[in-house]
Amino acid sequence: MFIAEIFDPVLRGPLFACTLMGILSAIIGLLVVFQAQSLKGEVLSHACYPGMVVGSIVASLLGQDHSMFFVCIGALATAYIGALGIDVLVHRWRVSSDSALSFVLSFSFSLGLLLISAIQRSYPTLWRRLQALLVGQAATMGDRYVVISFVLLCIVLLVAVVFRRQIIADLFDKNFSQVQRLSTPFLKGVCMVLLVITIIVSIRSMGVVLMSSMLLFPAVTARLLTDNFKTLSGIAATIGGGGGAIGVLFSHFVTFSSGEMGGRALWLPTGPIICLTFSLLFAIALLLSPKEGLITRIVRRIRFVRRCFHENLLKILWKECAEFGKVTAVSQDRVMELFPVPSFRLRRAIRFLTRREILVVHHDGRLELTALGLFKGRRLVRLHRLWELYLVEYCHMPKERVHPSAEEMEHILTPHIERTLTELLHNPRMDPHDKPIPMAEEDF
Amino acid sequence: MRRGWIYFVILFLCSVGCQEAGRKQFNSWLDENGNVKILCTTVFVGELVQAIAGEDFDVIVLIPPCSDPHSYQLVKGDDEKFRRADCVFSSGLGLEHRGALARYLSLHNAVSITTQLEKEEIITDGTTVDPHVWLDLSLWAKGVDCVVDVLAQKRERDRAVYKERGERVRRSLLRLHKKIRSLLQAIPDDRRFLVTTHNAFQYFSRAYLARDEEWLSGEWKKRCRAPEGLSPESQINTRDLYAVVEYILEHGVSTIFAEHGMNRDSIERLVDGARSKGHEVSIAKEMLYSDSLGTGVTHIDMLEHNARIIAEALA
Amino acid sequence: MTKKRSALDVRGLTVHYGSSPVLWDLSVAVPEGHLVGLIGPNGAGKTTFIKAVLGLIQGVAGTVQLLGSRLENMRKRIAYVPQKETVDWTFPMRVRDLVEMGCYPNLGLFRLAGKKTKRAVDRALDLLDLSSIENEQIGHLSGGQQQRAFLARAVAQDADLYFLDEPFAGIDQVSEQILLEVLREMREKNKSIFIVHHDLISAREYFDWAILLNTRLIAFGQIDQVFTSDVLRQTYGHKLSLIEDLLKISSDYSKGRHVHSRDF
């Protein structure tokens with residue numbers, strides 16, 4: 001039933017067209033995002049608008065109401081003029097980059113709106129169609145758009161694959177690629193044309209105003225998730241296509257009408273829903289990215305704090321068991337004396353360490369370190385005392401002041417640094433407080 | 001291809017015609033000739049008022065006949081019209097809801113033609129009121145009384161004249177109403193289903209396509225359907241198109257209608273959708289008038305034209 | 001005795017920026033197989049010189065010959081290592097990918113990166129002591145590691161002429177030593193290396209030839225002959241900046257631009 005509905009011509013056109021447009025925009029968007037010119041995508045989509053208006057009028061005058069050809073030519077012309085304008089403003093007139101971009105954006109958009117209002121009275125049908133271009137009308141796309149998007153996608157993929165080296169070199173290091181003639185003006189021109197055509201085609205579904213989200217969000221989201229360019233392209237394309245599809249499906253299946261006459265109870269226009277889907281995916285990536293996601297970092301920090309807590313407990317147990325008296329097990333009351341923390345935290349830590357086989361709990365509640373626990377405890381104390389010695393010998397810190405620093409450093413010194421310190425301090429036996437430094441051991 | 005050319009020519013002439021007529025009219029309307037100046041929002045209101053008013057009043061219409069009244073935005077010169085007008089008539093029921101226009105109307109105490117309608121006669125779509133009353137002549141005729149009242153207030157001595165004219169107008173409207181009704185009721189019951197571009201024909205369907213008992217029971221709602229809502233600027237959703245396709249299949253609709261000045265994309269999607277389910281639907285060759293008129297087309301012509309096309313197509 | 005050809009032969013090179021000259025009538029001829037330092041104060045036009053030679057900036061006058069031939073024919077034999085800051089290090093790329101970029105000019109459009117490329121990349125990484133971090137993101141590298149990666153790219157290219165812009169700026173001691181070693185090795189292989197350098201003291205130690213310029217050419221030649229106090233004073237003195245100031249003011253007046261008054 002669901003499958004049948006997807007392939008129904010009413011849903012089929014918007015669904016596949018938006019998916020393909022999403023993939024297409026995401027891939028072209030990589031170009032824009034990695035040239036650090038994200039705003040340029042927005043500006044170009046607005047700059048297309050007056051050209052589309054003029055092109056539509058010309059098409060209508062020639063009786064070719066549904067022809068995309070004139071619309072494309074018109075949009076290409078004004079987008080090119082817009083891009084040229086930006087260049088002239090920035091390089092010849094020394095206007096700052098964002099001022100130039102804002103100027104071209106506002107100017108071309110208001111020109112488009114002016115043209116539209118001029119034809120409001122003369123060509124009301126055309127006017128309505130052009131108004132629809134502002135916010136997009138995904139629902140009325142037919143199979144024709146699926147074909148157009150598919151063909152364009154194939155062209156873009158072909159160019160992207162064949163010229164991948166040139167494009168990447170140019171994105172990363174313009175000077176290098178210029179000297180080596182890797183990226184020629186011809187290739188740049190082709191990329192620009194493909195960018196503008198993608199924008200024009202996607203405007204049909206997303207509208208002039210929201211179009212740049214389809215261009216930028218997938219690439220930006222993918223950047224949060226991976227560092228590999230090839231993987232990034234794949235993820236961006238998936239997000240683009242997925243966002244388009246989810247947007248269409250969501251706005252289709254979740255919109256419901258109450259009553260027979262279609263009185264809307266929940267109205268979800270497709271274009272904005274697609275944009276919101278991208279935003280949602282971006283927010284998720286921001287929070288949960290395995291690299292640098294916000295939540296990932298919070299979790300890491302919590303884990304680190306917990307590890308420090310466990311290690312402090314471990315140190316205390318080791319000192320009681322192995323260093324001082326001959327007891328092999330320590331009562332929990334004694335631990336509470338030495339390590340004043342809330343008892344529930346202590347209990348939780350004990351449970352954790354028991355699971356990790358670092359200590360065992362006797363029937364009477366006494367805690368005993370396992371061999372692994374002894375090993376780890378010994379190492380911690382060793383690191384602590386090595387560091388104290390280093391601070392005293394090399395940084396000339398008074399030995400009364402080295403303890404707090406060592407308390408922190410013992411948790412983060414790596415084996416490599418440990419070896420370096422051992423060498424530097426000539427395999428020391430005693431720390432500044434005349435306590436013995438446990439010997440280094442191989443891995444457990 | 002040829003059809004495209006004709007369409008364009010009509011559109012072009014319409015636009016040129018509307019523009020030219022508009023300007024000349026406005027200038028002559030401003031002449032100080034001692035007449036009472038009346039401003040009407042839509043052309044439908046204007047024709048009604050003009051038919052009753054006669055020589056002592058100068059009537060001008062604010063929204064050009066070819067423009068869409070739902071989304072009309074005030075332009076330069078409109079505030080002059082408002083200032084000069086001695087009284088203002090509007091269509092009401094939320095048709096002129098665009099911010100500035102609504103404000104001007106309330107500022108100048110515009111009289112709404114549709115104030116006489118009973119609550120049961122007004123169609124609501126949930127919370128929004130359907131303003132397309134001019135497509136039901138019996139309801140539109142009810143506006144005669146309030147027009148007569150307002151005009152008589154301006155010219156008390158001619159009250160009887162206006163009353164008489166009003167009666168004549170009402171009678172002719174109701175005559176046409178009956179004629180259209182009998183024409184459309186002649187279509188077999190199982191074929192009287194109207195699918196258009198936007199939801200403008202509720203009053204029309206209830207008056208002319210539904211049976212009497214359906215009016216009372218509320219079942220008349222099944223007689224018409226459209227993918228776009230009351231105002232044609234609303235966004236279409238695939239769900240809407242889907243629902244209309246199901247409607248078409250359910251009632252075996254064979255012809256659907258495009259409207260003047262509206263995008264045909266949604267209608268064409270309906271054809272594709274129905275075809276995929278094995279049901280052939282065609283789009284009527286001639287278009288209906290709904291929110292606007294063409295040049296030289298009056299309100300009466302519009303209804304006759306619509307009725308004729310529908311009768312021919314659905315019979 | 002084999003006649004050494006000129007690595008770089010520049011005649012009368014003049015470059016303007018707007019209406020003020022950045023390079024004025026420069027003529028140098030440097031033979032192959034030397035480590036050449038391009039020395040001068042800030043704003044002397046050193047980077048502009050390299051960019052003009054490599055065709056990144058259009059000169060108003062002058063000719064440039066590289067290894068006896070025009071730039072167009074020599075592109076594959078030239079490696080350019082720009083200043084670190086001109087590149088976006090947040091780009092998603094590993095060290096290995098960056099070095100492999102050096103092989104792109106030779107691979108062209110369609111050839112896949114095969115064993116030969118892999119060997120060249122491995123060799124370059126090894127030479128610059130980057131093998132342990134070859135899979136690191138370039139954004140995570142220290143300044144010194146970044147510079148080494150940049151040079152590794154040039155090494156992988158196996159060019160004959162190398163142009164480096166401030167490679168020793170802001171890098172750690174270890175990286176500096178590694179760079180120097182590699183550059184000296186390359187010189188032994190008769191490669192010609194031109195380096196924009198900012199520090200006079202180390203210049204004497206690093207290079208065997210020098211080009212001193214301050215908009216105009218002050219001197220070029222073997223380092224001992226060139227690094228006399230006279231020449232250095234000329235390079236770093238303020239006498240020549242007077243001409244530039246006058247040129248700028250007159251052009252400002254003619255363009256109607258705001259003129260700042262200055263005390264001379």
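In chain C, six strands form an open sheet with mixed pairing, in the order β5-β6-β7-β3-β8-β9, where two strands count as paired if DSSP finds at least two bridges between them. The structure is a predicted model, in which local features need pLDDT of at least 70 and side-chain atom pairs count only at pLDDT 80 or more, while totals for chains, interfaces and linings use all residues. Residues are numbered from 1 along each chain as its sequence is written, and chains are lettered from A and ligands numbered from 1 in the order in which they are written.

**The sheet of chain C**

- The edge strands, each pairing on one side only, are β5 (78-81) and β9 (216-222) of chain C.
- Strands β3 (residues 35-39) and β8 (residues 209-214) of chain C pair in the parallel sense over four bridges, and Val36(C) stands opposite Trp209(C) in β8(C).
- Chain C as a whole has 11 helices and nine strands, these being DSSP runs numbered from the N terminus (helices: H or I, at least four residues; strands: E, at least two).
- Of the 264 residues of chain C, 40% count as buried, a word used for a residue with 20 or more other C-beta atoms, placed from the backbone, within 10 Å of its own.

**Helix α4 of chain A**

- Helix α4 (residues 69-92) of chain A reaches 33 Å from its first C-alpha to its last, close to the 34 Å expected for its 24 residues at 1.5 Å a residue, the expected span being 1.5 Å times one less than the number of residues.
- Its buried residues, including Phe70(A), Val71(A) and Ile86(A), pack against α3 (38-61), α5 (97-119) and α10 (185-225) of chain A.
- Just after α4(A), Arg94(A) takes a positive phi of about 55°.

**Cores and chain contacts**

- In the largest nonpolar core, which has 249 residues, Cys48(A), Ile52(B) and Ala210(C) touch the most other members; such a core is a set of buried Ala, Val, Leu, Ile, Met, Phe, Trp, Tyr and Cys residues joined through C-beta atoms within 7 Å.
- The largest share of this core, 19 residues, comes from α10(A).
- Apart from it lies another core, of 24 residues, among them Leu353(A) and Ile437(A).
- Leaving aside neighbours within four places in sequence, Ala210(C) is in contact with residues including Val36(C), Ile39(C) and Phe220(C), contact meaning that C-beta atoms placed from the backbone lie within 7 Å.
- Two pairs of chains touch, and the most contacts are between chains A and B, whereas chain B and chain C do not touch, their nearest C-alpha atoms being 39 Å apart.

Key:
Buried ≥ 20, exposed ≤ 12 C-beta atoms within 10 Å, placed from the backbone.
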